[in-house]
Amino acid sequence: MALWALVSAVGLAVDDRVLVGAPIWAKPFKFFVSFAAYGLTLAWMLAQTTWGRRTGWWAGNVVVVTSLVEMVIITGQVIRGKRSHFNAETPFDASLYTVMGLTVVVLWAATLVIALLLLRAPLADRATAWAIRGGVLIALVGAAVGFLMAQPTAEQRAAGNLDTADVIGAHSVGVPDGGPSMPLTGWSTTGGDLRIPHFVGMHALQLIPLFLIALVLLAPRIARLRDAELRLRLVRVVTAGYAGLVALTTWQALRGQSLIHPDAATLIAAGVLLAAVAAGVWAALRTAPEPVSVHPVSVHTETEPASDSKEFTA
């Protein structure tokens, strides 16, 4: 995946073709990078398991095979100048999209097996266990958002020609795919975009464990973070807040609302979520024990006067 991300980067530089309003090599580049991160993280998580390792080995290899099939089809369609997702233009294109849908279902199921193994794995550090399990469960929810994109849109249903339509399904909600979009991400600026909760949810797999790693790296400098219970509470708060963010972005997208143009309801919900996370962090810090400082202690011998005493520093 990492090597083909480099190939896709070259494609972005030398191939000026545009498909559905975006450079044609942008989709495979983003998918290759995402799968590389996904694979590395799952490999690290599987290395933490001591129970069901053979099952985990098989599930990991299923993830590898299905992700490779997915990327072969996406790249092949780019070479042909065709869209890979939602394409029903010809029987061949429709068949490729069907295969992609099946591989995604199998990949999701294999990740679910890995999540179940991680839920049962006896991990010694409770904060690490919470970060890994919370990250993979939220990632499964984020991946499941992708299934919503495969459904016919309200506009496609209203047209009433699903049997002969060239495109079935969409990233965007309330507006056609390929309209005005944000730089780099390509997310719609005029309507809802289900790729946002899909992206945010799936990358919980990396971001929540990275948050814990940051706490551990800061512990030598910040004495309070050396407390394992405090790190556990902070990871719990961040995991709950992250799940709330996935729910919020999904709700916003399904209402056909652009990420950068939130209405009052979205702003209120975001404010409530932010306040809840801040309160959780404050409560975790407030209940954490203060770090204990060790001061030098002078011990005087009883056989000599205090003025001439010998001192031993502990």
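The buried residues of helix α7 pack against α2 (26-47), α5 (126-149), β4 (192-193), α8 (204-218) and α9 (228-254). This is a predicted model.

**Helix α7**
- Helix α7 spans residues 195-202, and its buried residues are Ile196, Pro197, Val200, Gly201 and Met202.
- Among the elements that these buried residues pack against are the helices α2, α5 and α9, which return below.

**Helices α5 and α9**
- The axes of α5 and α9 lie 9 Å apart, and the two helices pack at an angle of about 5°.
- Angles under 35 degrees count as roughly parallel, and α5 and α9 are therefore roughly parallel to each other.
- On the α5 side, the contact is made by Arg126, Ala127, Trp130, Ala131, Gly134, Ile138, Val141, Val145 and Leu148.
- On the α9 side, the contact residues are Glu229, Arg231, Leu232, Val235, Arg236, Thr239, Tyr242, Ala243, Val246, Thr250 and Leu254.
- By class, the residues of this contact between α5 and α9 are 13 nonpolar, three polar and four charged.

**Helices α2 and α3**
- Helix α2 packs with α3 (53-80) at an angle of about 175°, and their axes are 11 Å apart.
- Angles over 145 degrees count as roughly antiparallel, so α2 and α3 are roughly antiparallel to each other.
- The residues of α2 in this contact are Lys27, Pro28, Phe31, Phe32, Phe35, Tyr38, Leu42, Leu46 and Ala47.
- They meet Arg53, Gly56, Gly60, Val63, Ser67, Glu70, Met71, Ile74, Thr75 and Val78 in α3.
- The contact of α2 with α3 holds twelve nonpolar, four polar and three charged residues.

**The second largest pocket**
- The second largest pocket holds about 290 Å³ of space.
- Its lining has 18 residues, and those nearest the centre of the pocket are Gly39, Leu42, Ala43, Leu46 and Gly60.
- Leu42, Leu46 and Gly60 are also among the residues through which α2 and α3 meet.
- Both α2 and α3 supply at least two residues of this lining, and α3 gives the most, with eight.
- Twelve residues of the pocket lining are nonpolar, five are polar and one is charged.

**The cavity**
- The structure holds one cavity of 30 Å³ or more, and the space in this largest cavity is about 30 Å³.
- The residues that line the cavity are Gly192, Asp193, Ile196, Thr249, Gln252, Ala253, Gln257 and Leu259.
- One of these, Ile196, is also a buried residue of α7.
- β4 and α9 each supply at least two residues of the cavity lining, and α9 gives the most, with three.
- The cavity lining divides into three nonpolar, four polar and one charged residues.

**Two single residues**
- Thr189 sits in the loop between β3 (172-173) and β4.
- The relative accessible area of Thr189 is 17%, and buried means under 20%, so Thr189 is buried.
- Apart from neighbours within four places in sequence, Thr189 is in contact with Pro180, Ser181, Met182, Ser258, Ile260 and His261.
- Trp282 is located in helix α10, which covers residues 264-287.
- The relative accessibility of Trp282 is 55%, and exposed means over 50%, so Trp282 counts as exposed.
- Trp282 and Ala204 are 78 residues apart along the chain, and their C-alpha atoms are separated by 22 Å.

Technical notes
Residues are numbered from 1 along each chain as its sequence is written. This is a predicted model: local features need pLDDT of at least 70, side-chain atom pairs count only at pLDDT 80 or more; totals for chains, interfaces and linings use all residues. Side-chain values use heavy atoms; hydrogens and water are left out. Buried means under 20% relative accessible area, exposed over 50%, partly exposed in between (1.4 Å probe, protein chains only). Helices (H or I, at least four residues) and strands (E, at least two) are DSSP runs, numbered from the N terminus. Contact means heavy atoms within 4.5 Å. On a 1 Å grid over the protein atoms alone, a cavity is a set of points where a 1.4 Å probe fits but cannot get out, and a pocket is an open set with protein on both sides within 12 Å along at least five of seven lines; lining residues have an atom within 4 Å of a point. Grid points are joined across faces, edges and corners, and a volume is the space filled by probe spheres set on the points. Ala, Val, Leu, Ile, Met, Phe, Trp, Tyr, Cys and Pro count as nonpolar, Asp, Glu, Lys and Arg as charged, and the others, Gly among them, as polar. Axes are lines fitted to C-alpha atoms, for helices over the stretch in contact, and angles run from 0 to 180 degrees between N-to-C directions. Angles under 35 degrees count as roughly parallel, over 145 as roughly antiparallel, 65 to 115 as roughly perpendicular and the rest as oblique.
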